[in-house]
Amino acid sequence: MTEVLMQIDHLAKSFGGVKAVIDFSMTLGKNQVVGIIGPNGAGKTTIFNLISNVYMPDQGTILIDGKDITKLSQIMKARMGIGRTFQNIRLFSTLSVLDNVKVACDYKAGCSMIESILRLPRSFANEKKIRSEAMACLELVGMAHLANERPTNLPYGQQRRLEIARALVMKPKVLMLDEPAAGLNPEECFELIDFLKDILVTFDTSLIIIEHRMDVVMNLCHKIYVQDFGKNIACGTPVEIQCNEAVLAAYLGEEIQDETA
């Protein structure tokens, strides 16, 4: 029996008269990968935004390690172990690879603004610690040799990996990836699958992914939730989802059957 790390109960969000998420519930176990799939407009990213507090839910609760984090700020949720990436790559093009990762550690600052401005001893110690943590993370994801490169000089697949590394340096208990395979070619997708399987163990984390690439979802996820018009219409293992007639008839049909043949 997998230990429950995150529990979501009856989450809902409306924008005016549009019900973006309707009574969504989910469990995520330790070192587990859960996928959320569905067509555009199904409410997948809204669920991510509710978990990370980009939006406040109209109703429902979000627990991590049994603690209610529903109404916590984005910063507090990060400190509680929630990390995420976005659909579009959001890297700082003028910063180095290393500095892009260091940015995620700003919330850990162990010195005041005055100490940083005046370059007092504690600010140097803090900078050294953050640099060490960022380099260690780059080592673990195989990008340490690119520390001084600009993100714009990297191929698209490496930019995706860098964005994930920036989230991982926060040592999240739960890492949410919004379409991590977007824009990748088939070879890069297989590399991504292997990479994500590795980080489950290396970083002792759990993953929630939104993804349209069924080859990624079916080869990576332990459990899949299927959304349609804001409502969950199916939940199960990849095999169960492949055989679910309602899911196949609704919008996945030939795509799943072709890619898993």
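Predicted model: local features only at pLDDT ≥ 70, side-chain atom pairs only at ≥ 80, totals over all residues.
Glu127 is partly exposed, at 34% relative accessibility; here buried means under 20% relative accessible area, exposed over 50%, and partly exposed in between (1.4 Å probe, protein chains only). Residues are numbered from 1 along each chain as its sequence is written, and side-chain values use heavy atoms, with hydrogens and water left out.

Glu127 makes a salt bridge with Lys102, with the closest N and O atoms 2.6 Å apart (the cut-off: a side-chain nitrogen of Lys or Arg within 4 Å of a carboxyl oxygen of Asp or Glu). That pair links distant parts of the chain, since Glu127 sits in helix H5 (residues 121–140) and Lys102 in helix H3 (residues 97–103), 25 residues apart. Helices (H or I, at least four residues) and strands (E, at least two) are DSSP runs, numbered from the N terminus. Lys102 counts as buried at 13% relative accessibility. Asp99 joins Lys102 and Glu127 in a network of salt bridges.

## Other salt bridges

The whole structure has 7 salt bridges. One of them pairs Arg84 with Asp178 at 4.0 Å, N to O. Arg84 is in strand E6 (residues 82–84) and Asp178 in strand E7 (residues 174–178), so this contact ties together parts that are 94 residues apart in sequence. Both ends are tucked away: Arg84 is buried at 15% relative accessible area, and Asp178 is buried at 1%.

Glu163 and Arg160 also meet in a salt bridge, at 3.8 Å, N to O. Both belong to helix H6 (residues 156–168), 3 residues apart, or about one turn of the helix. An α-helix has 3.6 residues a turn, so residues three or four places apart point the same way. Glu163 is buried at 3%, and Arg160 counts as buried at 4%.

## Helix H1

Helix H1 (residues 44–51) is largely enclosed by the rest of the structure, because 7 of its 8 residues are buried. Among them are Ile47, Phe48, Leu50 and Ile51, along with Lys44. Asn53 follows H1 and has a positive phi, near 70 degrees.
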